[in-house]
Amino acid sequence: MNRPILVAVAWPYASGSLHLGHLAGAYLPADIFARYHRLIGNRVLMVSGSDGHGTPITVRADQEGVSPHEIVDRYHPEIVGYWDALGISFDLFTTTLTDNHRDVTWDIFRAHRERGTIVEEESLQFYDPQAQRFLPDRYVEGTCPHCGYDQARGDQCDNCGRTLDPTDLINPRSRLSGASPIQRATKHWFLRLAAFSDEVKAWLEEQEGWRKHVKNWALGMIDEGLPDRAITRDLNWGVPIPPEADTLGEGKRIYVWFEAVIGYLSAAKEWAQIQGTPEAWRDWWQNPEAESYYFVGKDNIPFHAVIWPAMLLGYGDHNLPTNVPANQYVTFKGAKASKSKGVGRSIGWYAERFEPDALRYAIASVLPEQNDTELTDDEIIRRINEELVATWGNLVNRVLTITTRNFDGRVPTPAALTDDDQAVLDAVDRGLTEIARLIEQVELRAGLRMAMDTATAVNVYLNAHEPWKLVTSDPDRGATVLWVAIAAIAGLGVAFSPYLPFTAPTLRSMLGGIDENGWVRPKVAAGASLGQVAPLFQKIMNDIPTDDG
RNA sequence: GGCGGCGUAGCUCAGUCGGUGAGAGCGCUCGACUCAUAAUCGAGAGGUCGGCAGUUCGAGUCUGCCCGCCGCUACCA
């Protein structure tokens, strides 16, 4: 197999620290998927980057009295540090602040403008006459028409939770100056999404293997009708409008939702340039055999399952997503908990306290692929101690300890295999096949479960044949059983490797230096010297503060 | 309010096209084993599948209504 696989991962805002929800929602599943495909020999390109534009960044910059660029310069390296610490193996993790990204954005903008699907429209917007600025909805405050709350925002009432339009507010006022905002005409560029409704709908309907909530959501959105959507804003921070189209007046930029998704393409081009093969990106974007998978949270479904495909259709000659395996959310104490209870804890907090593979295991075993999933620190520790260490780590340790002690640190030489011996090896081979199928369907949690179940089968085999007794009562048989167990562990090591990339090479060297050789049970050579045996994972004792600590 | 998803054992979750007595992991109880990080293996207890009504020979699975949670609702992305 040698398929081109694009692994496109959501672009985090460079405006704050990421938490475990981000990791579980997008980055870890993307990495597991990418590592699997690399291992089976596919050409993987995994890209993302920090989103340098957008409201959260300008809000934070305003709060701190620094430039938005300073915010990005602070958080982008922190985010990159997470990926290094946890082995999230991007081929490129860039930002949206590059000239390359601007150029690609302009290219798509121009293509749509030429075909008439980006058009100029005039709209009325609130304007603060005192501050002399157009006001985003959330900068207009007033009294909620539904509940009477007097500090409702123009986009939503925080008291009753209803969605609002700024014109709904009673006695609207500007949050900047307190002045009464006036409605004033302003021109913006709009994307005419409706022009692509039929095409996107037909495409969505023929997609198979998509998650139910993703497909239904996207189709429902189309059935409700896709309105024209403004892609520029009255801002001074963002990708500029192409010069020939920058005719709407001062202080307008392309808004982040339009350009951020373009990052997948611009990052591929940037990667190709860095490689010194500037045309190489085409293999993932224009090769009809290429596949593309977009790992995002459920809040991002409309942008990846409807809007981005529409943008690509208008651009032409680029592949639409193969799948958008959007995850639900990880919740912490009902998602409403405070930082002190664990919600706001950064990935870095966990990365400093847990071995990376242990943390990856705990998160991968609760990936919210179907439902929101509740996760606590105690649950993470439980998964590591009761599952990872007890079943898999201990299996490796018990087998290699007996072997080292009785066979002079070498892989024993087996006699003829019995049916039981062959059966356990067959179970490992079947496990590899099944796990591969699950990973390709992006059912990563089930894949990991299957790997653990297979490890249990090997533990069962050991308990049934008791090699620790055979080594004295029937040494040939003992050698055979241990050889089988080592061969099984080698196969399991392959199955676990996309999930546990840090301990995968450690295990291979313990097993006598076997090579990585695709998604098959490796051959283990009798007589090979085993490496230094040590537990793959440490059990976590009570020295890590948990939710309540 | 509208749209979508979800609500299954103490906890975290599986249940494909409706069909033999509803599943897994962990926890719990009992037992086996003792090579191994007090790890492993086996057995058992534990569920009116959110509620009500309906379709059907038969529904966790389909339909309607209700309750609860999450997301979206186009100026957060």
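1. Some ground rules before going on. This is a predicted model, where local features need pLDDT of at least 70 and side-chain atom pairs count only at pLDDT 80 or more, while totals for chains, interfaces and linings use all residues. Residues are numbered from 1 along each chain as its sequence is written, chains are lettered from A and ligands numbered from 1 in the order in which they are written, and side-chain values use heavy atoms, with hydrogens and water left out.

2. Back to the RNA. Of the RNA strand B atoms within 4 Å of the protein, 72% are sugar or phosphate and the rest belong to bases.

3. RNA strand B is surrounded by 59 residues, the closest being Y255, V256, T373, N394 and K539 (near means that a heavy atom of the residue lies within 4 Å). By class, that surface has 19 nonpolar, 18 polar and 22 charged residues. Ala, Val, Leu, Ile, Met, Phe, Trp, Tyr, Cys and Pro count as nonpolar, Asp, Glu, Lys and Arg as charged, and the others, Gly among them, as polar.

4. Which helix gives the most to the surface near RNA strand B? Helix 13 does, with 13 residues. (Helices are DSSP runs of H or I, at least four residues, and strands are E runs of at least two, numbered from the N terminus.)

5. Now the domains, whose bounds come from an automatic or database assignment. Chain A splits into domain 1 (4–95 + 256–352), domain 2 (107–205 + 225–253) and domain 3 (357–367 + 376–510).

6. Between domain 1 and domain 2, about 2200 Å² is buried, with carbon and sulfur atoms giving 76%; buried area is the accessible area (1.4 Å probe) that two parts lose on being put together, summed over both. W257, F258 and Y315 supply 27% of what domain 1 buries there, more than any other three residues.
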